[in-house]
Amino acid sequence: MKTSIATVSISGDLREKLEAIAAAGFDGVEIFENDFLAYDRSPAEVRKMVADLGLDITLFQPFRDFEGLPEPQRRQAFERAERKFDLMEELGAPLMLVCSSIAPAALGGIDRAAADFRELGERAAKRGLKVGYEALAWGRHVNDHRDAWEIVRRADHPNVGLILDSFHSLSRKIDPDTIRSIPGDKIFIVQLADAPALDMDLLYWSRHFRNMPGEGDLPVVDFARAVAATGYNGPLSLEIFNDQFRAGSPRTIALDGHRSLVFLMDQVREAEPEVVPAADALPPRVAVKGVSFVEFTADETEAETLRTMLGQLGFARAGKHRSKSVERFSQGDINIVVNTEREGMAHAAYLTHGTSAYAMGLKVEDAGATLARAKALDAQPFAQRVNPGELTIPAIRGIGGGLLYFLDDQSDLAKVWDVEFEPEPTNAANASLTHFDHIAQTMNYEEMLTWILFYRSIFVVDKGPMVDVVDPSGLVRSQVIESPGGELRLTLNGAESHRTLAGHFIAETFGSSVQHIAFASSDIFETAAALKASGLPVLEISKNYYSDLEARLGLDEDMIARLAANNLLYDRDAGGEYFQIYAQSFGEGFFFEIVERRGNYAGYGAVNAPFRIAAQKRAIRPAAMPRV
C-alpha cells in the first residue's frame with residue numbers, strides 16, 4: 001500500500017517539505033493549498049519538482065464550504081471549484097478534498113448535498129479529475145463519516161468518493177467497524193492521525209494536538225483494520241496538525257511519519273492477515289529479555305572517577321577488552337562497560353557529550369531479526385571496525401545519537417564477555433544489586449513522541465500515561481516505556497526549560513542522553529549499609545520530607561527513622577512498596593539510583609521526584625545551575 005503525507009504536517013517552505021517527504025521514503029504527497037500559495041513558483045514548476053523527487057501528488061486540499069448552499073452562494077461555490085480544477089490540472093493533482101461545510105448559510109439535507117456532488121462530479125469528470133467528500137468532526141450538518149458516505153452513495157457518480165480521516169471519526173467516538181460496509185473502491189483516500197486523549201473543543205484539539213499513529217491514544221489500528229476490510233488499496237496518508245511538528249525538523253518529522261505508517265500497517269497485517277497481503281511482512285516486534293549492559297565513554301581522568309563510584313556501589317572489574325581500552329564492571333546481572341578509546345563512536349560521543357552513557361545492550365530472542373525489523377522501520381544500522389576474533393554485534397543508532405546493541409542466546413553473541421574480554425576475579429564487596437530496574441533518558445520535550453514511536457515500533461513495549469514531574473524551576477514531562485514483564489523499563493523525561501535539572505543536563509551535555517540508571521536491590525537496607533561502609537556520597541534528603549511521610553502514609557516511627565538515617569525515599573501503591581536511594585550526581589547531572597520493589601509495586605516513585613530534584617539542586621555547585 002502506498003504511503004503519503006500532507007505538506008501541512010511538517011515545517012519549512014514547500015521545497016523543504018517535499019525534499020523531507022521524499023527523503024523519508026514516502027510515495028506521495030498531499031498539497032495543502034496554503035503551502036502552495038505561499039510558495040513563489042508556478043504550478044508547473046511545483047509539478048516538475050514533485051516528479052523529480054520521485055513523488056506523486058495524491059490530493060489537493062482543502063476545498064471548504066461547498067455543499068448545501070442557497071443561490072447565489074451555490075453558483076459562486078461551483079465557480080470557485082472550477083478555478084481549483086484549473087490549478088489541479090496544472091499541478092497534476094488528480095483528487096480534491098471537499099470537507100463538510102461549516103458555513104452559516106449552508107442548508108441541511110442529504111439529497112440536496114448529493115445533488116451538489118453529482119454536479120461537481122460531472123464537472124470534475126470533464127477534466128479527468130475526482131473529488132472526495134470528508135466529514136469534519138465539527139461540520140455544520142455533516143460530522144459523521146456515515147452521513148458523508150450516504151451523500152456519496154446517493155450522488156452515485158464515479159468521480160465522487162469518500163475521504164476518511166481517523167481523527168474526525170475517532171474524536172467523536174464513532175465505531176470504526178461502521179467503515180467495513182463501505183465499498184473499498186468508493187473510498188478515494190484515507191487520512192490518518194492519532195492524538196492524546198484530551199477533553200477539549202474538537203477544532204482546537206484537531207488543529208494543535210494531532211500526532212502520528214502510535215504516538216497518541218486513539219484506536220487508530222482498529223480504524224485502519226476496518227479500512228483494510230473494505231478492500232481499499234489506495235494511499236494511506238498522514239494529515240497532522242501539531243504545533244511542535246511545525247516548529248521541528250522537517251526531516252525528523254517526515255521520518256517519524258513514514259515509520260508510523262509502516263508500523264501501523266504491520267499491526268493491521270497481524271490482526272487482519274486475511275485482508276492484508278503478507279508479502280511485505282516485517283519480522284515481528286521484538287520481546288526484550290533484559291538489559292545486558294550500559295556502556296559509558298570517558299577520558300582517563302573521568303573514567304577514574306567513574307571506576308571509584310562503581311567500586312563504592314559494589315561493582316568489581318570483571319574483565320578488560322583484549323584489544324581495546326574498554327573495561328567491564330559487574331554485579332549480579334548488571335554489566336557496566338567503560339570505554340576510553342581515542343577513536344571510533346565512543347570517542348566521538350565523548351567529544352560531543354562528555355562522559356556519558358552513550359550505548360545500551362539489549363538481550364533479545366534473535367539479534368539478527370531485531371536488526372532487520374529496525375532497519376525496515378527506518379532505523380539507521382551501525383557498524384565499526386572489528387578486529388580478527390571479535391564479534392560483530394548487531395546495532396542501530398538511537399534517536400538521541402547513542403547506540404543500541406542486540407545480543408541473544410542462540411548465537412556466539414551469548415559468549416561476548418568470554419570472547420572479547422580477558423576475565424578477572426571479582427572479589428569486591430557486593431551491595432546486593434541484582435539487575436537494571438530502569439534507565440532514564442532525557443530529551444527536549446518536543447522530541448518525546450519521536451522516542452516513543454521508535455521504541456514502540458521495534459519492541460514489544462507499551463507506554464504509560466504522561467506524568468508531570470515538578471522541578472522547582474518548571475515542569476518536566478515523563479512517560480514510561482515498559483515491556484509486559486518489566487524486562488525493559490525506560491523513563492523518558494522531556495524538558496521544556498533549561499532551568500530544570502533535566503533541561504540543564506541537556507544543555508550541558510549538548511543533547512539527549514541517559515541521565516540516570518536505576519539498579520534493583522534485593523534488600524535496600526543491606527544496600528544502604530554497604531554504600532555507607534564504602535563511603536559512597538549519597539543524596540541527602542530534607543528532614544521535612546520524613547515528617548510529611550509519617551503524616552501522609554502513617555508509617556511507624558521505627559520505619560521513618562530507618563528511612564531518614566539512610567536518606568531513603570519511600571512510596572507505595574495497591575500492589576506493594578518502593579524504596580529509593582540516590583548517589584550524588586557526577587559530571588553535568590548524571591546520577592545512579594538504587595531501588596527495591598516489594599510486592600507488585602508498578603510505579604517509579606514519581607511522588608518523590610520533586611524532593612529528589614530539590615536535593616540534587618542543593619548539592620550541585622551554585623554556579624552550575626541557571627538562576628530562576
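1. In this note, Lys and Arg count as positive and Asp and Glu as negative, while His and the chain ends are not counted. On that basis the protein carries 65 positive and 90 negative side chains. The centres of these two sets lie 3 Å apart.

2. A word on what you are looking at: this is a predicted model. The mean pLDDT of the protein is 94, and 97% of its residues reach 70 or more. The stretch to treat with care is residues 623–628, where pLDDT stays under 50. For that stretch the model has 13 contacts beyond four places in sequence. Where pLDDT is low, the predicted coordinates should not be read in detail.

3. Now for the overall form. The C-alpha trace of the protein spans about 90 × 65 × 45 Å along its principal axes. For 628 residues, a compact globule would have a radius of gyration near 25 Å, and the 28 Å of the protein agrees with that.

4. How much of the protein is buried? Of its 628 residues, 57% count as buried. The accessible surface comes to about 25,200 Å², and carbon and sulfur atoms account for 50% of that surface. Contacts across the sequence are also worth a look: among those with a separation of 6 or more, 75% are between residues 24 or more positions apart.

5. Just after α13 comes Gly354, which takes a positive phi of about 80°.

6. Two cis peptide bonds deserve a visit. One joins Gln61 and Pro62, with omega of about -5°. Pro62 sits in strand β3, which runs over residues 56–63. Another cis bond joins Glu71 and Pro72, with omega of about 5°. Pro72 belongs to the loop between β3 and α4, the latter being residues 73–91.

7. Which residues other than glycine have a positive phi? Lys173 is one of them, with phi near 60°. You will find Lys173 in the loop between α7 (166–170) and β7 (187–192). Lys173 counts as exposed because its relative accessibility is 73%, and exposed means over 50%.

8. Asn567 also has a positive phi, about 55°, although it is not a glycine. Asn567 lies in the loop between α20 (557–565) and β23 (569–572). Is Asn567 buried or exposed? Its relative accessibility is 14%, so Asn567 counts as buried, the cut-off being under 20%.

9. Gln584 brings together several parts of the chain. The residue is placed in the loop between β24 (576–582) and β25 (591–599). With a relative accessible area of 23%, Gln584 is partly exposed. Leaving out residues up to four places away in sequence, Gln584 touches Met309, Pro537, Val538, Leu539, Glu540 and Ala619. Gln584 and Ala619 are 35 residues apart in sequence, and their C-alpha atoms are 7.7 Å apart in space.

10. Asp366 is another loop residue to look up. Its loop runs between β13 (356–364) and α14 (367–376). Asp366 counts as partly exposed, at 30% relative accessibility. Which residues does Asp366 touch, not counting those up to four places away in sequence? The answer is Asp408 and Gln410.

11. Finally, have a look at Pro484, in the loop between β20 (474–482) and β21 (489–495). Pro484 is exposed, with a relative accessible area of 74%. Val460 is 24 residues away from Pro484 in sequence, and the two are 7.7 Å apart in space, C-alpha to C-alpha.

How values were computed
Residues numbered from 1 in each chain as written. Heavy atoms only, no water. Rg over C-alpha atoms; globule rule 2.2 N^0.38 Å. Buried < 20%, exposed > 50% of the residue type's maximum accessible area, 1.4 Å probe, protein only. Contact = heavy atoms within 4.5 Å. Areas by Shrake-Rupley, 256 points an atom, 1.4 Å probe, with all protein chains shown as cover. Charge placed at Lys NZ, Arg CZ, Asp CG, Glu CD. Helix = DSSP H or I, 4+ residues; strand = E, 2+ residues; numbered from the N terminus. pLDDT = per-residue confidence, 0-100.
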